[in-house]
Amino acid sequence: MSRKRRPTHRQSVPRERTDAQQAEELQALARKYPQDREHLLTEAAEYYSRAGQHDRALALLQHLLDAGCEDPHLVQALRIDALWEAGRTDEAREAATNLRRQHPTDTGPWNLVAEMFETTGELHDAADYFTAGVTHLLGPATPLTVAAVRGAEDALGIEMLVIGRHRVRRRLDQTHDDLDQLAHALYQHRPPHLRANSTLDDLHNPELQTAPGNDPQALTASIEQLSREIEARRAALTRPRLTCALFWNPDEFTQLLDTWPELADHYGSKHHEHIRHVQQTLQRLSNKGEPHLGIAHGTMSDFLSFTQADNLPPQDGDTRAHYAADLAARGHATPWPPPRNTPCWCGSARKYKKCCGNPTHT
C-alpha cells in the first residue's frame, strides 16, 4: 500500500468552523468532486464522530458500503472505529471479527483496527489483530527479515504492523519473539530522520514515565514524537494510493546531476527536459487508466539518507521508484493533475492549463 493523500479540496474548509459544519462542507464537496467522494465522505464521518453525531457518521460509512466503494475493507475498518466511538463496543468487536475473516489484502484495515484496540486499552485484542495482519500479509513461508519486508508490496504498511505489534507487546510485558526481533531490525534500518536516538525497546518502554532520574522534557518530546508519527501514519491510511513520478526542483536537479551525471540519460540534462519527462510519464500512465497519480518531491539529502540506510544504488531505477513511493507514504507528494486553473505543479506560477497542462507543451 502506499501507506493511503487527503484531497486538496479539503483546504477550502475554514478552520474556525465546528466539526459538524466541517463535516457538512465535506459532504457538499463530495457532491462537487465525485472523483474524491469516498475520501471526502470518510473524512466527513470522522468530523461527525468528533462532534458526537455518531449516527450521522455511521450512516455515511454504511452508505458508502451499500453503494459500493473503492476500498470496502478500509471503510469497514473506519466504521468499526466509529462504532467504538459511539459506545457500541459489542457491535464493533463483532464487526472486527467479521473483517478479520475476510482477510484484507491491504495493511490499512489491519492497522486501523489494531490501533483502535490499542488506543482504547484493549491491548490483548490489539496484539492479536496486529499479529493476524502480519501473519496474513507476509505469509507463513516468508523469512522474517528486513529485506523480505522491504520487498513486500506494501513495505511501509507491514512495518507499521510489526512495530505496532512490538509496542503493544512491550506494554503487556510479553517475551520477545521473532517478530519482535524483526521490529527492532526494521526500526534500526530506518533513515536517521525517521527514528529517535534510542532503541525500539526504550521508545516503547511502559515504565519510562516512572523511571528514576528520567528527564521529563525528553520523555515528553519522545511521547510527542511517537504520537505525531502514529497520527501521521493513521491519516496516511485513508489517502488514496498514489503512483508517483519523482520530481526534483531546479537546485536539487543540479545537485543530482552533479553527483550522478549518468542520470541525465533518464531525466535529461536540462531542468525543462526533466519537467517534460515527468509530465509525459504521468500522462502516459493516465492514458493507460492508472488511477491516483501523483508527483513526489525529492531532495538530495533525503534521497541520500534513503539509499544509504539500505545500501541501495542511487542510479538504479527501482531505487528511485521505491523512494518516490516512500515520499508519497510520508506525505511528500501531491496529486496529479492539478485543477486546470490552479498554479502548475512544476513551480512556474502559471496556470496548469497554460503550462504543463497545455498539450502543445508536451
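Helices (H or I, at least four residues) and strands (E, at least two) are DSSP runs, numbered from the N terminus. The legends below use these names for a predicted model.

**Figure 1. Overview of the predicted protein chain.** The protein chain has 362 residues, of which 46% are buried. Its secondary structure comprises 17 helices and three strands. The accessible surface amounts to about 18,100 Å², and carbon and sulfur atoms account for 48% of that area.

Figure 2. When neighbours within four places in sequence are set aside, V113 is in contact with A77, I80, A96, L99 and Y129. In soluble globular proteins, nonpolar side chains tend to be buried together.

**Figure 3. Packing of helix α4 against helix α6.** Helix α4 covers residues 72–85 and helix α6 residues 107–119; their axes come within 8 Å and cross at roughly 10 degrees. Because this angle is under 35 degrees, α4 is roughly parallel to α6. On the α4 side, the residues that meet α6 are H73, L74, A77, L78, I80, D81 and W84. Their partners in α6 are G108, P109, L112, V113, M116 and F117.

**Figure 4. Packing of helix α1 against helix α2.** Two packed helices are described by the angle between their axes and the distance between the axes. For α1 (residues 19–32) and α2 (residues 37–50), the angle is about 165 degrees and the axes are 8 Å apart. The two helices are therefore roughly antiparallel to each other, and their crossing is left-handed. Helix α1 contributes D19, A20, Q22, A23, E24, L26, Q27, L29 and A30 to the contact. Helix α2 contributes R37, L40, L41, E43, A44, Y47, Y48 and R50.

**Figure 5. F303 and T307 in helix α16.** F303 has its place in helix α16, which spans residues 300–309. F303 counts as buried because its relative accessible area is 0%. Beyond residues up to four places away in sequence, F303 touches W248, W260, P314, T319, R320 and Y323. The C-alpha atoms of F303 and L256 are separated by 9.8 Å, although these residues are 47 residues apart along the chain. T307 is also found in helix α16, and T307 is buried, with a relative accessible area of 3%. Apart from neighbours within four places in sequence, T307 is in contact with L312, P314 and T319.

**Figure 6. Backbone geometry at H103, D173 and P337.** Most residues other than glycine have a negative phi, and most peptide bonds are trans. H103, in the loop between α5 (89–101) and α6, has a positive phi of about 50 degrees although it is not a glycine. With a relative accessible area of 45%, H103 is partly exposed. D173 lies in the loop between α9 (155–171) and α10 (178–188), and its phi is likewise positive, near 60 degrees. D173 counts as exposed because its relative accessibility is 68%. The peptide bond from W336 to P337 is cis, with omega near 0 degrees. P337 belongs to the segment after β3 (333–336).

Technical notes
Residues are numbered from 1 along each chain as its sequence is written. This is a predicted model: local features need pLDDT of at least 70, side-chain atom pairs count only at pLDDT 80 or more; totals for chains, interfaces and linings use all residues. Side-chain values use heavy atoms; hydrogens and water are left out. Contact means heavy atoms within 4.5 Å. Buried means under 20% relative accessible area, exposed over 50%, partly exposed in between (1.4 Å probe, protein chains only). Accessible areas come from the Shrake-Rupley method with a 1.4 Å probe; for residues, only the protein chains shown count as cover. Axes are lines fitted to C-alpha atoms, for helices over the stretch in contact, and angles run from 0 to 180 degrees between N-to-C directions. Angles under 35 degrees count as roughly parallel, over 145 as roughly antiparallel, 65 to 115 as roughly perpendicular and the rest as oblique. A crossing is left-handed if the near helix is turned anticlockwise from the far one by less than a right angle, and right-handed if clockwise.
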